[in-house]
Amino acid sequence: MRVLHIYSGNLYGGIEAFLHTVARTQGLQPGVQHEFALCFEGRLARELREAGAEPHLLGATRVGRPLSVWRARSALRALLRRGGYGAVICHAIWPQALFGPVVRAAGVPLVFYQHDALNGRHWLERWARVTEPDLVITNSRYSAGTLGRVYPRAAWKLAYYPVLAPAPEGGRDGARARLRAELGAHEQDVVIVQTSRMEAWKGQRLLLEALGRLRQVPGWRAWVAGGAQRPEEEAYLEGLRAQANGLGLGERVRFLGQRSDVPRLLRAADIHCQPNLGAEPFGIAFVEALQAELPVVTTAMGGPLEIVDASCGVLVPPEPGALATTLRRLIEDPALRAQLGKGGPARAEALSDPRAYLCELEDALRSLTEAGPRA
């Protein structure tokens, strides 16, 4: 069975990491061949090629340039005519709005992959509502709770993202010590790490405000990883640097920029903290931290409520006092850090095992193709 995944591909975040994981792990379930169609060349296209999945490029597409939309739709029509696909999956609302009608007209079963919460008011959502999918796959129960605002009658299936555990690293202790030294942390320091997009709702400002209340607490450092990809993110990052300096944290907080070695960062850290100010639909970063045996601290909202429990982390309200209290307790209690860290890998596997994910996805898609597409 051949399945085509359609996405834009111009930025990089959780959806892109998820698609890369599908490409890397599809050999675990050889009954389905996953192919990818992107509108933009970029990091995702490069990573797919490195995983052995040559992406089909539909051409740079912008809604404000109707000719580019027409060309991309024409390219997709030609691909579907010669592809013999059993199903097409549109990832997120933008591809669903632009390309869902083309898939429907081609008579191929159409799947909408819901990666975000929906409100039903955005113009893209109103556009996408015109073409109802045969099936919705949603990344969390939180996301599913908003689906009815766009597709109230659609059948849906819950599937937590697959997250591939990093390969065991030889000489782990030595690698950890070298990276900590490179980033200015002593071996006895407790390192708090956040790895996420540079967006305000990811909570970097809240983390800094909480750390400002821990200035007098010795023995901790913080690493904030994530590169700015758009001008507004550049401005936000500059504001974070200014905030850290204003709080007197300039020597203890390091902004690491875009990193391609997140598993190494996690293995070299001691606590993972991403205190979201808005509800995260799922949160791959939290699963990666659990795989690295880090206790996870985050705010009690959205998809992380389905990931983090008392066996592996701490949920806090989105305010600096409670966050500072929790971080201080973990900084000063190595036994508690070790206890929560040990619970992480089992929790991550239960939620995000790639083999189990691919098996469930194949079952859902085969059931869909047996039923046939909508008229």
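This is a predicted model: local features need pLDDT of at least 70, side-chain atom pairs count only at pLDDT 80 or more; totals for chains, interfaces and linings use all residues.

How many of the residues of E4 are buried? The strand is mostly covered, with five of its five residues buried. Both faces are covered: Ala 87, Ile 89 and His 91 are buried on one side, while Val 88 and Cys 90 are buried on the other.

## The whole sheet

Strands of a sheet pair through backbone hydrogen bonds, either parallel or antiparallel. In this structure seven strands form an open sheet with parallel pairing, and their order is E3-E2-E1-E4-E5-E6-E7. The edges are strand E3, at residues 56–57, and strand E7, at residues 156–158, each of which pairs on one side only.

Further along the order, strand E5 (residues 110–114) and strand E6 (residues 135–138) pair in the parallel sense over four bridges. Within that pairing, Gln 114 has Thr 138 of E6 as its bridge partner.

Two packed helices are described by the angle between their axes and the distance between the axes. For H1 (residues 14–25) and H2 (residues 43–50), the packing angle is about 15 degrees and the axes are 9 Å apart. Because angles under 35 degrees count as roughly parallel, H1 is roughly parallel to H2. H1 passes H2 in a right-handed crossing. On the H1 side, Glu 16, Leu 19, His 20 and Ala 23 meet Leu 44, Glu 47 and Leu 48 of H2. Sorted by class, this contact has four nonpolar, one polar and two charged residues.

## Loop residues

Gln 26 is found in the loop between H1 and strand E2 (33–38). Is this residue buried or exposed? Gln 26 has a relative accessibility of 16% and so counts as buried, since the cut-off for buried is under 20%. Leaving aside residues up to four places away in sequence, Gln 26 touches Val 32, Gln 33, His 34 and Leu 358.

Most residues other than glycine have a negative phi. Against that background, Ala 92 has a positive phi near 85 degrees. Ala 92 lies in the loop between E4 and helix H4 (93–106), and with a relative accessible area of 11% this alanine is buried. Glu 293 likewise has a positive phi, of about 65 degrees, although it is not a glycine. The loop that holds Glu 293 runs between helix H11 (284–291) and strand E12 (296–299). Whereas Ala 92 is buried, Glu 293 is partly exposed, with a relative accessible area of 42%.

Technical notes
Residues are numbered from 1 along each chain as its sequence is written. Side-chain values use heavy atoms; hydrogens and water are left out. Axes are lines fitted to C-alpha atoms, for helices over the stretch in contact, and angles run from 0 to 180 degrees between N-to-C directions. Helices (H or I, at least four residues) and strands (E, at least two) are DSSP runs, numbered from the N terminus. Angles under 35 degrees count as roughly parallel, over 145 as roughly antiparallel, 65 to 115 as roughly perpendicular and the rest as oblique. A crossing is left-handed if the near helix is turned anticlockwise from the far one by less than a right angle, and right-handed if clockwise. Contact means heavy atoms within 4.5 Å. Ala, Val, Leu, Ile, Met, Phe, Trp, Tyr, Cys and Pro count as nonpolar, Asp, Glu, Lys and Arg as charged, and the others, Gly among them, as polar. Buried means under 20% relative accessible area, exposed over 50%, partly exposed in between (1.4 Å probe, protein chains only). Two strands pair if DSSP finds at least two bridges between them.
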